[in-house]
Amino acid sequence: MSHAGAQKGSPLTLVLMIASASIGGTLQYGYNLAIMNAPTTFIQSFINETFLERWDVQLEEYQVTLVWTIIVSIFSLGGFAGALIAGPMTIRFGRKKCLLLNNIFLMTAALLALTSRTARSFEMIMISRVLVGINAGISMNVQPMYFGESAPKHLRGAISLSSAVFTAFGVVLGQVVGLREILGSEPCWQYLLASNAIPGLIQLLTLPWFPESPRYLLIDRGDKEACINALRRLRGCEVQSSELDEILQEQAETKGMRASHPWELFTDRSVRWQLISVMIISSAMQLCGNDSIYFYASYVFKEAGISDDKIQYATIGTGTCEFTACIITVLFGFFCFFSAGVTGILPTEIFNQAARPAAYMIAGSMMWLNLFVVGMIFPFLVSGLREYCFVPFAAICLLSALYVGLFLPETKGKSLSVIMREFHRLNFKGQENHFEAQTKPQYQLGEVCLSTAL
């Protein structure tokens, strides 16, 4: 193989790539959850004033709350739409380019939010929230796919946990920026809603410098040399053929297969338990009630008796607790527990390349639909159950944990072929576990791929 195009790499490249992708990905998700809490009363007043100016109608309190709930929850419907288009986008454009193009939705949303006050249009805020949701829906699907296909298998758990860290950091950042002393005041709420453009701009300036997913380059595009160069840059050393063999094996297994459509997975018995697993765990991610705190922190803390002027600081406390827990989990939990339960990377670990985009579409759809449901019903749970409003969520957490413990195979440090064999036993229980002979890789296991040498 020609040495042309080979580039030097560094272990730091993978770390910086993760940061760049996450700043415009899961950080945005957490940030956009959090920034809607601070301007609640200001935007509600803006809604009432707009109705009064246009139609000389004074809205009742419940009507203002309804419009506000729609503005908050419509973010989830945008996320649902984003999850549906993420799969076709990744197939057409690749993982990295998809993340870059995704910023079109974000920048348009920021512009609408910024000008909504001048235009006297709360509808522009709604459209902005839909577009921000689309951006989050795409990035929440594509980012873990990009990470899972780029990370060495012994680091998949740690790298997937980094997505949770950036989500929690985004929440804290949104809460801090939303302080009345910064952008959470009445004159500045439109700037707060548009401030999500800054992380997006950072991603646009940095992500183009990093390589595409090695698996996408080899399996989808058939460009072996580009795959090796990407691996070399991400690993910071010569490419071990054991890793390349695994990708070549997956390429052989999916050769001649087209990308699956989501509805085809529901009728494919060979992925039955994989599909059940991602649907249950993706749903549990939202039905645990965690994100409802950030949507409706004002309602929760008001019911708890905290004064209005202290609620913003109590909200920051919740975000800081989650962020701290995520850091501790990355530092210790990765070494003590298995990594399969990390929702974002699970479809990468249990579906092959042909089914992976469709699996992410289904997982993302379940996550966003359940977030919409929680967003719509949570205020009523607070009103009806008061201090017991999180009991239903606790029951769901318990049931989800039981499912993971009893039915989800361990994935840590295992190749896709090994994981697929374990699921094959579940999908075809009682039948002979038979796999066709795999196409042999082009390199000997454990041998250094010398074509990457300078």
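## Salt bridges in a helical chain

The structure holds ten salt bridges, and the model you are looking at is a predicted one. Side chains of opposite charge can pair when their charged atoms come close.

| Salt bridge | Closest N to O | Places joined |
|---|---|---|
| R117 and E186 | 2.4 Å | helix 6; loop between helix 8 and helix 9 |
| E53 and R120 | 2.9 Å | helix 3; loop between helix 6 and helix 7 |

Let's start with E53 and R120, which form a salt bridge. E53 and R120 tie together parts that are 67 residues apart in sequence. E53 is exposed, with 52% relative accessible area, while R120 is partly exposed at 26%.

R117 pairs with E186, and this pair ties together parts 69 residues apart in sequence. Is R117 buried or exposed? R117 is buried, because its relative accessible area of 19% falls under the 20% cut-off. E186, at 37%, is partly exposed.

R215 is buried at 11% relative accessibility, and E250 is buried at 2%. Salt bridges that share partners link R215 and E250 with R95, E149, E246 and R356 in one network.

Now for the chain as a whole. It has 22 helices and zero strands, and 54% of its 454 residues are buried.

How many disulfides does the structure hold? The count is zero. For C397, the nearest cysteine sulfur belongs to C288 and is 5.1 Å away.

Terms used
Residues numbered from 1 in each chain as written. Predicted model: local features only at pLDDT ≥ 70, side-chain atom pairs only at ≥ 80, totals over all residues. Heavy atoms only, no water. Helix = DSSP H or I, 4+ residues; strand = E, 2+ residues; numbered from the N terminus. Buried < 20%, exposed > 50% of the residue type's maximum accessible area, 1.4 Å probe, protein only. Disulfide = S-S within 2.5 Å. Salt bridge = Lys/Arg side-chain N within 4 Å of Asp/Glu carboxyl O.
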